[in-house]
Amino acid sequence: MKTLSQKALEIKPSGIRKFFDLVQNSQDIISLGVGEPDFSTPWGITEHAIYQLEKGRTSYTSNYGLIELRREIALLQEKSFKSNYNPDNEILITVGVSEALDLSFRTILNEGDEVIVPVPNFVSYIPLITLAGGVPVIIDTSVSDFIVTKEQIESKITPKTKAIIIAYPNNPTGAVISKEKLKEIVDVVLKHDLWLISDEVYNRLVYDGEPISASTFMKDNLILLNGFSKTYAMTGWRIGYVACKKEVMDQMVKIHQYNAMCAPVMAQYAAIEALKHGQKDIEMMRQSYELRRNYVYKRFKEIGFEVHKPEGAFYIYPNIKKYGLKDEDFALRLLQEQKVAVVPGSAFSEGNYDNIRCCYAASMNDLKEALKRIEIFVNNL
Amino acid sequence: MRKKIIEILKKDSRTNLEDIAAMLAVSVDEVKRLISEMERDGIILQYSVVVNDELVDDSDAVTAFIEVKVTPERDKGFDSIARRLQKFEEVQSVFLMSGTYDFLVAVKGKSLKDVASFVSSKLSPLESVISCSTHFLLKKYKENGIVMEHEEATSSRLNLTF
């Protein structure tokens with residue numbers, strides 16, 4: 001066989017692949033292992049997409065995406081965050097935030113450029129940086145309540161540093177950055193003239209304050225990523241977007257043109273409907289997650305876990321160090337002995353074995369039962 | 001806070017006080033106090049269940065929605081008529097409506113005959129009633145926000161995703 005791509009070979013399969021397969025094939029378990037809402041897409045959104053399909057609107061769209069959708073996004077950014085993007089050439093509709101991430105790295109990175117990645121963080125950042133020829137530079141934020149600080153960033157900056165990627169509210173920790181801390185990061189980015197990639201896909205799902213966006217503070221050095229998956233319970237539609245200044249977008253859209261052409265048209269129509277009429281649905285879901293956030297946090301504390309109160313997204317990230325098991329062993333035994341699935345934290349932070357990620361986007365009955373079982377499990381350790 | 005408690009109880013009126021307190025991040029005593037207040041003030045009237053009648057064994061019961069046109073009484077408007085209507089045990093709900101009729105009255109009886117006889121012997125003869133138009137219920141799909149028969153579970157959610 002001819003050899004394969006060195007870069008493809010170099011990407012590590014997720015360390016928890018075996019556990020992943022085991023969970024995927026398990027039945028009759030309660031899963032707190034998912035990364036998506038437990039709601040179906042609000043019917044009004046789905047119905048609108050069906051209507052468009054019935055009308056035969058099934059063709060390609062502009063590479064950038066439907067202009068009506070880009071206008072709605074520009075409007076939302078302006079209304080919510082006082083940021084200013086031209087819908088004609090500064091907003092790009094992508095196949096989920098996943099594509100947006102890939103495009104961002106490929107647009108800004110040259111071979112050997114360093115990208116600062118605070119961890120724990122979403123699993124695809126590091127492999128995508130590597131694929132784009134970049135070098136991930138890791139910051140462990142477990143020492144700073146899972147919020148990256150300007151000092152931590154400063155300490156990692158070298159002449160090769162090109163960018164930093166942040167994601168708050170954070171998957172897997174549920175941590176939310178304050179406006180002040182975000183401003184500090186923006187200042188560091190500007191001072192060293194870096195790119196800031198801000199993955200804000202959870203930014204509407206906050207429970208103790210208002211949604212914030214890096215786009216309130218800067219535009220020139222920012223690549224803003226967001227999407228519809230988490231906010232509108234639209235994970236399977238695969239629809240996200242990038243907003244950045246025209247000079248960057250001009251390059252990015254070329255890559256998108258050749259690798260995706262355009263995002264799925266029905267998902268684009270659904271997204272328009274989501275932005276126009278989905279605000280009530282978001283609020284209903286947000287409030288529902290908040291109740292469950294409160295419940296699971298209280299229960300984990302009662303059981304005796306050391307745990308941060310998550311302020312956004314729908315994850316909680318309890319520390320399991322005191323139980324004397326590595327995260328993967330903890331998760332494996334919890335699955336085998338009590339039939340509850342959680343995700344080992346090392347999936348999000350290599351070499352860090354002290355946490356598990358639990359998603360509380362599950363029914364109250366399932367959460368109650370899962371926490372009962374987790375309590376039995378740790379009491380028997 | 002009251003509104004949030006109501007939302008939780010509307011979904012599951014058997015949710016226990018401890019869980020409500022945990023969900024709202026307040027004390028159990030606080031929840032207890034607020035619920036007692038709402039019971040006292042007539043905000044919470046009853047803790048009830050939603051039943052799929054079709055699955056209950058002796059569910060030959062018949063429901064009809066009756067559009068009732070009336071002549072409002074002098075000085076009393078529609079209220080006194082509504083009060084008379086709502087006292088019948090057969091009457092499940094009474095709504096005053098805008099449009100071509102005045103009251104929408106839901107009536108439940110053991111059989112078609114039962115309901116028909118209620119309409120002809122009790123409802124129509126009322127002095128202020130001008131006309132009744134009776135519609136029998138054939139099938140309930142959704143009531144009070146609750147879907148009666150769930151479609152085959154089509155969720156394809158994976159057990160583990162990032």
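Which side chains of chain A and chain B meet in a salt bridge? In this predicted model, A:Lys368 and B:Asp19 are the partners, with an N to O distance of 2.3 Å. The rule finds one salt bridge across the interface of chain B and chain A. Helix H2 of chain B, residues 17-24, gives four residues to the side of chain B that touches chain A, the largest share. By class, this side of chain B consists of eight nonpolar, three polar and two charged residues.

The contact between the chains involves 13 residues of chain B and 32 residues of chain A. About 1,900 Å² is buried between chain B and chain A, with 57% of this area on carbon and sulfur atoms. Polar contacts across this interface number 15 residue pairs, both residues being at pLDDT 80 or more.

Within chain A, the domain assignment gives domain 1 (6-41 + 280-379) and domain 2 (59-278). Their centres, taken over C-alpha atoms, are separated by 25 Å. Domain 1 of chain A contributes 32 residues to the contact and domain 2 of chain A contributes 36. The two domains bury about 2,900 Å² between them, and carbon and sulfur atoms give 60% of that area.

Two salt bridges are counted between the domains of chain A. A:Lys7 and A:Glu111 form a salt bridge in which the closest N and O atoms are 3.6 Å apart. Between domain 1 and domain 2 of chain A, 18 residue pairs are in polar contact, both at pLDDT 80 or more. On the side of domain 1 that touches domain 2, helix H11 (279-303) and strand E9 (315-316) of chain A each give two or more residues. H11(A) gives the most, with eight residues. The residues of this side of domain 1 comprise 15 nonpolar, eight polar and nine charged.

Terms used:
Residues numbered from 1 in each chain as written. Chains lettered and ligands numbered in written order. Predicted model: local features only at pLDDT ≥ 70, side-chain atom pairs only at ≥ 80, totals over all residues. Heavy atoms only, no water. Contact = heavy atoms within 4.5 Å. Buried area = accessible area lost by both parts, 1.4 Å probe. Salt bridge = Lys/Arg side-chain N within 4 Å of Asp/Glu carboxyl O. Polar contact = N/O pair within 3.5 Å; in protein donor to acceptor, adjacent residues only side chain to side chain. Nonpolar A, V, L, I, M, F, W, Y, C, P; charged D, E, K, R; others polar. Domains from an automatic or database assignment.
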